[in-house]
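Reader: I am new to reading models like this one. Could you walk me through the terms as we go?
Author: Gladly. Ask about each word as it comes up.

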Amino acid sequence: MTDCTQNAALPLRDQHPAPSALTEQLIAGLSEDPKRVSSLYLYDERGSRLFERICTLPEYYLTRTEIAILDAHGDDIAARIGPDALLVEFGSGASLKTRLLLDRLVRPCAYVPVDIARAALLEAARSITRDYPGLEVLPVCADFMRPFDLPEPRRPAQRSVVFFPGSTIGNFDEPDAIALLERMRQVAGTGGGLVIGTDLVKDVSLLKQAYDDAAGVTAEFNRNVLLRLNREFGAGFVPEAFRHEAVWSDAHSRIEMHLVSLRKQSVEIDGTRIAFLPGERLVTEHCHKYTLAGFAALAAVAGWRVDRAWTDPRGWFGVQYLEPASV
Ligand SMILES: C[S@@+](CC[C@H](N)C(=O)[O-])C[C@H]1O[C@@H](n2cnc3c(N)ncnc32)[C@H](O)[C@@H]1O
């Protein structure tokens, strides 16, 4: 259900699923082998703040590298997007990278940030509204893996372009990644485009450090999922009884974030008991790493054609502009 709330002059479309709607999915994930929770639980208010700290850590090359690419090639990207475009950002978080596009776009007609983390979304939307006077900002709080409505901008757009930075696409296993890219294709329509950031395959030790930093911020970010499950579902996890681990899976070309149970323990969610053996793992996030060719093949299944790809000099990260394959 859509709740259009006037939030300090921001027309927030709140389509956040109710916790009750998520319970069944949560219990199903916790009953799998290995046990899993959706990575969207990483991003509550505290989780979003911890993620912003992660982005500044020396080991987390992703944000710095993607920003450098957007900065170096922003004019080219903006030219491809063209004037009077509607920019729809999936998983917008703090909307920091967005600024690199907004600074270069000609008369963008509106900016629609979409994120599950309501507090971070509103803070970002307010800050963009303040810094880009005249730009219509229409935030949408939603799980982008479920159907949601998009607002209509006051001024009609020449085209709609989806922005999906941060290699967030890598958090989804292939069927979900394809479904999400297909949804973005619908949002963009026939004349639109997609600007997407993808982390690329590289030395495994660099990848493991990026997801297991020396200061322990990623460990805190990971364990925060348990605090959230306690608060929203009364689960009764003891976060200190779990250890953070970043595991590389060669077979799937991905880093997996795990929480490893340090002892025999159990929690209860909506009357269902979930038991953990010592050493048992809870998977909280997958982070797939692509080759440019591998990503192009994935995107092609969802009806996209890579128009242009930019990388950094070390070839660590890719920013790509995609168009519907039929264009
Ligand atoms: C890796 S962060 C990237 C943030 C920002 N785009 C960047 O590049 O720094 C992922 C963002 O996607 C949001 N997110 C993750 N899963 C989501 C979902 N299923 N629906 C909506 N937002 C989601 C998170 O709340 C978070 O803000």
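Reader: Which residues line the largest cavity?
Author: F51, C55, Y60, L62, T63, E66, K97, G166 and F317 line the largest cavity. Lining residues have an atom within 4 Å of a cavity point. This is a predicted model: local features need pLDDT of at least 70, side-chain atom pairs count only at pLDDT 80 or more, and totals for chains, interfaces and linings use all residues. Residues are numbered from 1 along each chain as its sequence is written, and side-chain values use heavy atoms, without hydrogens and water.

Reader: What makes a space a cavity?
Author: The structure holds one cavity of 30 Å³ or more. The largest cavity has about 30 Å³ of space. That volume is the space filled by probe spheres set on the points, which are joined across faces, edges and corners.

Reader: How does the lining divide by class?
Author: Five residues of the lining are nonpolar, two polar and two charged. Ala, Val, Leu, Ile, Met, Phe, Trp, Tyr, Cys and Pro count as nonpolar; Asp, Glu, Lys and Arg are charged; the others, Gly among them, are polar. Helix α3 gives the largest share of this lining, three residues. A helix here is a DSSP run of H or I with at least four residues, a strand a run of E with at least two, numbered from the N terminus.

Reader: Why is D84 called buried?
Author: Buried means under 20% relative accessible area, exposed over 50%, partly exposed in between, with a 1.4 Å probe and protein chains only. D84 has 12% relative accessibility, so D84 counts as buried. S95, at 1%, is buried too.

Reader: What makes the bond from D33 to P34 cis?
Author: Its omega is near 0°. Most peptide bonds are trans.

Reader: How do α6 and α9 cross?
Author: Their axes come within 8 Å and cross at roughly 60°. Axes are lines fitted to C-alpha atoms, for helices over the stretch in contact, with angles from 0 to 180 degrees between N-to-C directions.

Terms used. 1 Å grid on protein atoms, 1.4 Å probe; cavity = no way out; pocket = protein on both sides within 12 Å on 5 of 7 lines; lining within 4 Å.
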